[in-house]
Amino acid sequence: MTETPDLPNDNATPDDAAPRSSRWRRVAAAVGRAARAPFDGAGLLYRVSQDNLHFTLPVLNGAFGDQLAACHDRRAIRMSFRRYEADVPVADLGLQPAPDGRPRKTVVFLHGLMGDEIIWQTGNGPDDLRFGPRLQQETDVCCLYVRYNSGLHISENGRLLHQLLTELLDTYPEAVGELVLVGHSMGGLVIRSAGYYGSRNELSVVGCQLSGSNNEQLTTDNEQLTTDNEQLTTKNSHWLNRLRDVFLLGVPNDGSFLEQNSHLTSLILRKINLWPTRAISGLIDKRSNGIKDLRHARLVDEDWQNEHADDLFPPRTVVPPLPGVRYHILVGSLLKSATSALHDYFGDGLVGAGSARGRIFQDPAAPPELLISTHVYSKLHHGTLLSSPEVYQYLRERVQ
């Protein structure tokens, strides 16, 4: 009996068709995903941008805020207290004394370069409360948040902060008690600058009053003059008189190594003096005055107005700590050890630990009445200083 050989069948059986159909479906799905990818990416970017819309304007102001302000651009941020992601005039804050009638301890938070008040309030989600809301929930203090144009000169923002705090105490003398200022990064430099201008303004006002007094009245009614001068000093230096604590979190008190490198790069490119290097140098030099001030932590007008301000080693005005104020220097470090040269230079990644500690706060010849505490937190970068439980616990204990 002869066997008939199997012939190829042109009609695929169901078992043969299933694998081919499955492969086609996978190919079609992959093509569909590739086609949708640009739209999905655009949607993701849109959602992220909407979630972080509040941050876009501060970044723009940090980079070019001085130029926006010079052009009176509506996008230029004006220093103000903030609530509900909006500016609030001092008169509309509606601060009240404590239930027992005593003034409340008031904590004022200042953000850093390209930041806003949200960094003190929430982190990765609405339930991730940060220092401000937690402090107000757990203690009997009033927390206020300041937003400012971080592209302006630090000294300009320092004077504006001095004026804002003066207005706050003028408006709510019975509601605001002891004052605590908390600054992150550039915000700490703005606080130090405000203290400089506040103390200078006090001396100048009192000096003018004394020089314009009638000599006869000084000799015949000395007691009355003393009373008037005490009232004048209280009126013009009230926020400094009520200032008790200053917290400086990751503040480049001796300047930022990143800005120092940017300045040096721009200087070298200009010296090469070729068209491409001049163009790149020109672009680098477009950065804001606030960023440029970070190079050596310039806190007063005279430093950036000096004709040698762009030298490698420019003159710098010494701004000492205010007497009678407790300073808390909180330093972040990416490393476990706080004794290495890398720690001093890189610190928390954006601010070197040596700069954050500050020579002015480590001076062994400083007057003994200065109250300065320095604390280093290992394995924290510049941003996580604002969400560290250890840093918050320290802040809470000292404020309370």
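Reader: In this predicted model, is F109 buried or exposed?
Author: The model is predicted. Buried means under 20% relative accessible area. F109 has a relative accessible area of 0%, so F109 is buried.

Reader: What is the geometry of the ring pair F109 and W120: stacked, tilted or edge-to-face?
Author: The count of aromatic pairs comes to 10. In the pair of F109 and W120, the ring centres are 5.0 Å apart and the planes stand at 45°. Planes under 30 degrees apart count as stacked and over 60 as edge-to-face. The angle of 45° therefore makes this pair tilted.

Reader: How many residues apart in sequence are the parts that F109 and W120 tie together?
Author: F109 lies in strand β3. W120 lies in the loop between β3 and α3. The pair therefore ties together parts that are 11 residues apart in sequence.

Reader: Is W120 buried or exposed?
Author: The cut-off for buried is under 20%. W120 has a relative accessible area of 1%, so W120 is buried.

Reader: Which residues do ring pairs link into a cluster with F109 and W120?
Author: F109 and W120 are both part of a cluster linked by ring pairs.

Reader: The charged end of which residue sits over the ring of Y392?
Author: A charged end sits 4.0 Å from the centre of the Y392 ring. That charged end belongs to R134.

Reader: And which residue lies over the face of Y197?
Author: Here the distance to the ring centre is 5.6 Å. The residue over the face of Y197 is R159.

Reader: What kind of aromatic pair do F247 and Y394 form?
Author: Their rings lie 6.3 Å apart, centre to centre. The angle between the planes is 80°. Planes over 60 degrees apart count as edge-to-face, so the pair of F247 and Y394 is edge-to-face.

Reader: How far apart in sequence are the parts that F247 and Y394 tie together?
Author: F247 lies in strand β6, residues 243-249. Y394 lies in helix α15, residues 389-399. The pair therefore ties together parts separated in sequence by 147 residues.

Reader: What are the relative accessible areas of F247 and Y394?
Author: F247 counts as buried, at 0%. Y394 is also buried, and its relative accessible area is 6%.

Reader: Which side chain does H382 join through a polar contact?
Author: H382 lies in the loop between β8 (371-378) and α15. At 8% relative accessibility, H382 counts as buried. A polar contact of 3.2 Å joins its side chain to that of S185.

Reader: With which side chain does R82 make a polar contact?
Author: R82 is found in strand β1. R82 is buried, at a relative accessible area of 8%. At 3.2 Å, the side chain of R82 contacts the side chain of E117.

Reader: Which element gives the largest share of the lining of the second largest pocket?
Author: This pocket has a volume of about 430 Å³. Its lining has 21 residues, and those closest to the centre are R82, R83, Q136, C143 and Y145. The elements giving two or more residues are β1 (80-83), β3 (104-110), α3 (131-138) and β4 (141-147). The largest share is five residues, and it comes from β4.

Reader: How many charged residues are in that pocket lining?
Author: The lining of the second largest pocket has 11 nonpolar and five polar residues. The number of charged residues there is five.

Reader: What is phi of E85 near?
Author: Most residues other than glycine have a negative phi. E85 lies in the loop between β1 and β2 (86-88), and at 53% relative accessibility E85 counts as exposed. Its phi is positive, near 60°.

Reader: And what is phi of A297 near?
Author: A297 lies in the loop between α11 (289-293) and α12 (301-305). A297 is buried, with a relative accessible area of 1%. Phi of A297 is positive too, near 50°.

Technical notes:
Residues are numbered from 1 along each chain as its sequence is written. This is a predicted model: local features need pLDDT of at least 70, side-chain atom pairs count only at pLDDT 80 or more; totals for chains, interfaces and linings use all residues. Side-chain values use heavy atoms; hydrogens and water are left out. On a 1 Å grid over the protein atoms alone, a cavity is a set of points where a 1.4 Å probe fits but cannot get out, and a pocket is an open set with protein on both sides within 12 Å along at least five of seven lines; lining residues have an atom within 4 Å of a point. Grid points are joined across faces, edges and corners, and a volume is the space filled by probe spheres set on the points. Helices (H or I, at least four residues) and strands (E, at least two) are DSSP runs, numbered from the N terminus. Ala, Val, Leu, Ile, Met, Phe, Trp, Tyr, Cys and Pro count as nonpolar, Asp, Glu, Lys and Arg as charged, and the others, Gly among them, as polar. Rings of Phe, Tyr and Trp (its six-membered ring) pair if their centres lie within 6.5 Å; planes under 30 degrees apart count as stacked, over 60 as edge-to-face and the rest as tilted. Buried means under 20% relative accessible area, exposed over 50%, partly exposed in between (1.4 Å probe, protein chains only). A charge sits over a ring if NZ of Lys or CZ of Arg is within 6 Å of the ring centre and within 35 degrees of the ring normal. A polar contact is a pair of N or O atoms within 3.5 Å; within protein, one must be able to donate a hydrogen and the other to accept it, and residues adjacent in sequence count only if both atoms are side-chain atoms.
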